[in-house]
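Biologist: I would like a close look at one part of this model, with the terms spelled out as you go.

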Amino acid sequence: MCGIVAYLGRKAAQPILIEGLKRLEYRGYDSAGIALLRNGGIFVKKTSGRIGALEQILDKAGNADVLGIGHTRWATHGEPNTINAHPHVDYTGKIAVVHNGIVENYSTLKTWLRSEGVAFVSQTDTEVIAHLIGYLYHHHDEAGAYGGQNRFEWAVQQALQKLHGTFGLAIVCSDFPDVLIGAKRGSPLILGVGEGEYILASDAAAIVEHTTRAIYLSDNEMVTVGPDGFYTKTINNVVVTKDLKEIEFSLDQIELGGFEHHMLKEIFEQPDSLSTCMGGRLDRQCGKIKLGGIADYLRELTQARHIIFAACGTAFHAGLVGEFLLEHLARVPAETEYASEFRYRNPIIGEGTLVIAISQSGETADTLAAVEQAKERGATVLGIVNVVGSTIARTTDAGIYLHVGPEIGVASTKAFTAQVAVLSMLAIELGRRRHISSDDAARYIDELARIPEKIGAILDQSDHIREIAAANIDKENWLFLGRGFNYPVALEGALKLKEISYIHAEGLPAAEMKHGPIALIADGMPAVFLATAGPQYDKIIGNIEEVRARGGRIIVVATEGNDEIRERADHLITIPDAPELFQPMLTAIPLQLLAYHAAVLRGHDVDKPRNLAKSVTVE
């Protein structure tokens, strides 16, 4: 992890690499570097810290180089410093590598390479890849040994066959100043194809300024780019054909557009992003939901005896809402599993079990591993992802795209509400086929169609929510409490506050507060209650009183028109009325804003929170 950009073309590579790395800053990183092919050698500059620090040590000579690779690193093996930053160069000085992923057998390979006289300078697993390619390149140079391949490509293939783990790689060799090689296993890699130029990147955000045409590598595939174009093979040298696809978002969508931060922009995009997500899928006239991506699997969905959601982080919280929705509307047993736990358990997947993987990026390593395990056990596996062409989208049997455009903010916002919207549509359609009447389905569809407008009304309270954040950011421990459909939102609200403001927060079902966490409440500790209209409203009022009696500070999210709750709240935020089933798409909004404003007021970098990466492509 975490960002790769490589360029081969007619233009100066250095400024393109730097601009591409800046486009990938949102993915999270702690160091950065580039390598350029120059005068028969490899010119490397790298540093810990931000890309701005890297720019300060670059020279203008780089404006003449037309081939280079760049990287932003999120540390896994070795501390975040200049030595461990990428690119890494092999011991011969001919091979340079940038790498996302983890080499699981790096220790064994490192021991062997050392026995062969290779000296290591960093603590990273990536350096093993550079040295292994360099060793094979250096020690196998007899004529005709490569089956018609060039020696560079052959060495890369042989090295990759020895690696265990995950990788997204960009590799150059000083003996081949017009050749760029990329390879993928478990970490995304895309080749943008322009007019006489190519950009290899881990994310389309680094490509769209130059071209909208791209190929998406699958696992254990590599691409070799040269002066005459590109070709793709497996790492075992089997030729594969890849179709050029259009990148589905524009440069404007990844710009700030007048907002101070990407996260704030994406919070305010939610009325439009949800409308786009649901557009063409809500048939209000016929009272049906149209989900074309899973049309061929609707019979299996309808007949499913057991549905498992596999997800991580924010997507896990959306899955919890989906679990409640499916059980309520479709009367099908459902459960939500942390993908990181599911992959190492012995899950019960019997006849009629269907697994649904949820991931914004479609590249989450743990979720992808859960998909693969579920498929091995014979389950039908569907995906709910945002990034078109992502690994999970291509690995699952079928799926539903969110279609909310790129999400740049590390803390997910619009993807969460879209995930819940997709799960709501899925639950309504399965409910219509299994359990609820057509009239009820039509009513739910009408209510769902009104959610975007209601989110707009909540966003109008942003300044008020900022005042609430300002009054409470001195407190380092918060509680978020909800019941029923709002319990997962309490978890999500706590996660958002932790992610970007670095305030410790805990989300709980409100009734569970009495079973231990109530001991924490004292000295004005903020407790955020989701006390919206619903069958458990009276119960949560009792929970509010319990916190008030112990000196807690009460922040309440309540339904508009509820004047009675004002006397119990130190701070009140209101949302428009909506059926309890769809309230999570509304109650999440003020919690997103609360976390955002708290982080800004505390002086934190909202779009680049410490230690976090946008897409977790390693374990």
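Biologist: How do H9 and H13 lie to each other, roughly parallel or roughly perpendicular? Please take the helix packing slowly, then go on to other parts that can be described in the same way.

Modeller: This is a predicted model, in which local features need pLDDT of at least 70 and side-chain atom pairs count only at pLDDT 80 or more, while totals for chains, interfaces and linings use all residues. Residues are numbered from 1 along each chain as its sequence is written, and side-chain values use heavy atoms, with hydrogens and water left out.

Helix H9 covers residues 313-330 and helix H13 residues 414-434; their axes cross at roughly 20° and come within 9 Å. Helices here are DSSP runs (H or I, at least four residues) and strands likewise (E, at least two), numbered from the N terminus. Axes are lines fitted to C-alpha atoms, for helices over the stretch in contact, and angles run from 0 to 180 degrees between N-to-C directions. H9 and H13 are therefore roughly parallel to each other, because angles under 35 degrees count as roughly parallel, over 145 as roughly antiparallel, 65 to 115 as roughly perpendicular and the rest as oblique. The crossing of H9 with H13 is right-handed (the near helix is turned clockwise from the far one by less than a right angle). Residues in the contact (heavy atoms within 4.5 Å) include Val321, Leu325 and Leu329 of H9 and Phe416, Leu423 and Ile428 of H13. By class, the contact of H9 with H13 has 13 nonpolar, seven polar and one charged residues. Nonpolar covers Ala, Val, Leu, Ile, Met, Phe, Trp, Tyr, Cys and Pro; charged covers Asp, Glu, Lys and Arg; the others, Gly among them, are polar.

A second pair is H16 (residues 462-472) and H19, whose axes are 8 Å apart at an angle of about 55°. That angle makes H16 oblique to H19. Their crossing is right-handed. Among the residues in contact are Ile465 and Ile468 of H16 and Leu593 and Leu594 of H19. The contact of H16 with H19 counts nine nonpolar, two polar and one charged residues.

Gln583 sits in the loop between strand S27 (571-575) and helix H19 (584-601). At 2% relative accessibility, Gln583 is buried (under 20% relative accessible area, with exposed over 50% and partly exposed in between; 1.4 Å probe, protein chains only). Its side chain makes a polar contact with the side chain of Thr532 at 2.5 Å. A polar contact is a pair of N or O atoms within 3.5 Å; within protein, one must be able to donate a hydrogen and the other to accept it, and residues adjacent in sequence count only if both atoms are side-chain atoms. A polar atom of the Gln583 side chain also lies 2.8 Å from the backbone oxygen of Ala533.
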